[in-house]
Amino acid sequence: MIIVIGAGPAGLAAAEAAARCGEEVTILDSSQRMGGQYWRHRLKVSGYKSERGEELFAKVSSHQNISHLSSATVWSAEAKNDEYQINFLQAGIEKSLVAEKIILATGAFDRSLPFPGWDTPGAMTPGAAQSLLKGHGVIAGKRIIVCGTGPFLLPVATALAEAGAEIVGLFDANSPMRWLLSPTAIFGNFAKIPELIFYARLLRKYGIKPEFGRAVVEFSNGSASVAQLNSDFETSDKELRRIPCDVVAVGWGFQPDVSLGGILGCAQKVDGDGTVIFSIDKNQLSSKRNIWIAGEATGIGGADLALIEGEIAGLSAAGHAVSRKLLRKRSAKRRFAKALQRSYPIAHGWTTWLKPTTTICRCEEVSASEILGSVSELGAEDARGAKLFTRAGMGLCQGRICARNVSEIVSSQTGCSVSDQERIASSNRPIAAPISLGLLADGKSRN
Amino acid sequence: MQNPDAIVIGAGIVGASCALSLTNAGLRVIVIDRGSVASGTTGAGEGNILVSDKDPGPELTLALKSRDLWFEMQEDVGDSFELEAKGGVVVARRDDAPLMKLAREQAEHGVTIQELDPSALHSLEPYLSDEISSGVLYPQDAQCQPMLAAAHVIRAVVSRGGSMVSNATVTRVLTLDSRVVGVETTQGTFKAPLVINATGTWAGEIAEMAGSHLPIAPRKGFILVTEPAPQYIFHKVYDSDYVANVASSDADLQTSTVVEGTRSGTILIGASRERIGFDGSMNYEIVRTLAEQATSLFPILRKVQLLRVYRGFRPYAPDHLPVVGEDSRIRGLWHSAGHEGAGIGLAPGSAHLITDAILGRESFMDATPFSPARFAMVNS
Amino acid sequence: MTSEISFTFNAEQFTGNPGQSIAAALIASDRRVLRNTRFNQEPRSIFCGIGICFDCVVVIDGVANQRSCLVEISDGMIVESSQ
């Protein structure tokens, strides 16, 4: 049996491919519905090429070899003899599943950068705005600014506009001129051009004018301050336009959640964009026997790449050969993903947007001045030290939102760059999701 | 700093306390650590300052004095590490005779105790299981935030003329005619006639470098941390199995129940002890056992969620006594290490013993039971 | 609208559609603030929307720290702000 964790594009593609080869597959996913974040939907998937999603849902749902356990949140995993036991919570009960082979496809979440007001109501990630709209049929607000950096801003802004929201600003901190750094990636991915045209048409239809080299650096009292940035992301104080809005949907690319693979001991490394990802071979096999990893966790690269990686992982787990054609498609998509990294980098100057009172760790309400104080007064030299002295990263989200930012703020103070070891240590946690002590205790006798 | 009077190796709570004590006695001290402040076991500590878990004897004497020195240190350095005389409640799950016997013996040796009948016990800890009917209150037990304590103490040392060198791994302990003359590190060589080895779980390595021997081994422990919860627990609460486990020489897993609330609202749950070297890997069975034990003492905790687990390696000496004193082979080399799970509580007391001995003045107790000489090899 | 679902948030009645999360249903009714933080009492609302940040936590039928962006509303659900 193969357990696939994650029912987004990578997980579904993996399950379908493995089942196609005759394998028994169980998909575990924490949502109520398939699709992950990319194909968030309540009734039907919408958006560019949404029929891909619908087709894959249909194949997976109808396949007799595939079971889909929804609303199943995996909190830990253990290697037991030659198999793996996956421990999860479903409907308030703890359960576990054992299988010889695991495919991890747990996706990614929006990367956030702090700025004054990012923790106030109305400020959210583009993923939140998208999830509210697609998953729950709710528009996040009336006057919305979409900003940050990355291609994700386009589908979010246009979907919100189509649903009736007024998009009062669309700002990308980077310039589209950066695409000129990646000519071969563009040539190898002409299929992306129709997608660009799709969004360009929608932007025009709703009168949304994207602006570049700009970011929201402050949000309060129903308006956002928009600043012009240089290539280091520093603001020049002259232009600080204020735009009345009730929502700022701001995102800075994505990062994968590596908790589960880390618990299983899969080797990790740091990608060019500073995210922690898994090392895999050409068959998507991790450093651990019988554990494959596909999608964002092997490198942020979007849904197209995730679908291909998922298929390769599924075929490989089933012991099936992977066609040259599929491998070539993956290479092309990987080149495109690298181009994305080059086109939408995050420069260090964001730390200059911070005020002393700006919240850095949202969960434990730790401010920028406390983080800096832990360095200058108490001798913290990295995120671990700052965490022990200020509690940053010890809250409910266990550092998912703030740890990387804490590292980079500390680094801006000490002048020492953030080590790979620190990035990896901050991204790993032995408890992947909260679980009650009662369930833990009861599970002892069950085991 | 040129020509310090003393080098302290280890910027955990034990090293920091030594450095402060020596600095306050007028010495110029350099603290060296291969990492930064609280990089070792102090960074994995709970903050226990206990007298309740110690059998009458030298360790209890040290613990009582050290506990009071913690409050003196707060006066000296400032109220910056959440020091609180929280009090400990030790409960007996089954037969309470051993607990009461120990408590009465401790009372004869300076420990304040209050035997608790069921109604007194449950008014101190209303959420304690009804099945527990016997316990002892130890008002002297206290709590601190150990990483903040180490950091603020080091800060005081530096502000009084000392210095701290981080990311300096000791590569050689330099000796001449069986006297220490300094240390060589990855950040340069430091010369001093006094070197204090406060490297905790790694103290044996430093001793080896000096041509000496300290049989200190890691004793692994896990701590569970919950989500922020309403205040369900008002003291440090633990069951009397804890005392037996601390005193056990068994290398196999020992677990006992230790539960307490914190200022931030989270609840800390321990305690496990295993001697499996420096294997830091996760063990979900132990996590479940600790959860089971904690919920059996406090059923209300069943609905509280576990958020994270961390682990550390206590420095364990085979005879369960810390190692505090001058090395038996190398003059000028002093050790303050091997405090097992009591490093935080015993840190200032150990520091005073060493400072007094270095200055040749009488101390608050005879430190011979802690002497490193007790490990001198038979054939040396 | 299709069959509406009734629930309370801090003792106030709200309704939403089947399949909506608590946070979504509240935002649709113009109620953004879900809680005040435990140290500085600052207002918080949904942030990541996908269950990562835990900013949207509420108490549901007595159980604390449940992510309102993930949990779907059901009839008679009693939702309260965290302390």
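Q: In the hairpin of β5(A) and β6(A), which residue takes a positive phi?
A: In this predicted model, that residue is A91(A), with a phi near 50°. The hairpin has 2 residues between its strands. A strand here is a DSSP run of E, at least two residues long, and a helix is a run of H or I of at least four, numbered from the N terminus.

Q: How many bridges join β5(A) to β6(A)?
A: Two strands pair if DSSP finds at least two bridges between them. Here β5(A) and β6 (residues 93-99) run antiparallel, joined by 7 bridges, and Q90(A) stands opposite I93(A).

Q: Which strand is joined to β5(A) by 8 bridges?
A: That is β4 (residues 72-80) of chain A, also antiparallel to β5(A). A72(A) stands opposite Q90(A). In their hairpin, with 2 residues between the strands, N81(A) takes a positive phi near 55°.

Q: Is β5(A) mostly covered or uncovered?
A: Buried means under 20% relative accessible area, exposed over 50%, and partly exposed in between (1.4 Å probe, protein chains only). Strand β5 (residues 83-90) is mostly covered, with 7 of its 8 residues buried. By contrast, K329(A), in helix α9 (residues 324-343), is partly exposed because its relative accessible area is 43%.

Q: In what order do the strands of the open sheet stand?
A: The order is β9-β16-β10-β11-β12 in chain A, with parallel pairing. β9 (123-124) and β12 (210-212) each have a single partner strand, so one side of each lacks a neighbour in the sheet. Within the sheet, 6 bridges join β10 (residues 143-149) to β11 (residues 166-172), and C147(A) stands opposite F171(A).

Q: How are residues and chains labelled?
A: Residues count from 1 along each chain as its sequence is written, while chains are lettered from A and ligands numbered from 1 in the order written. Local features need pLDDT of at least 70, side-chain atom pairs count only at pLDDT 80 or more, totals for chains, interfaces and linings use all residues, and side-chain values use heavy atoms, leaving out hydrogens and water.
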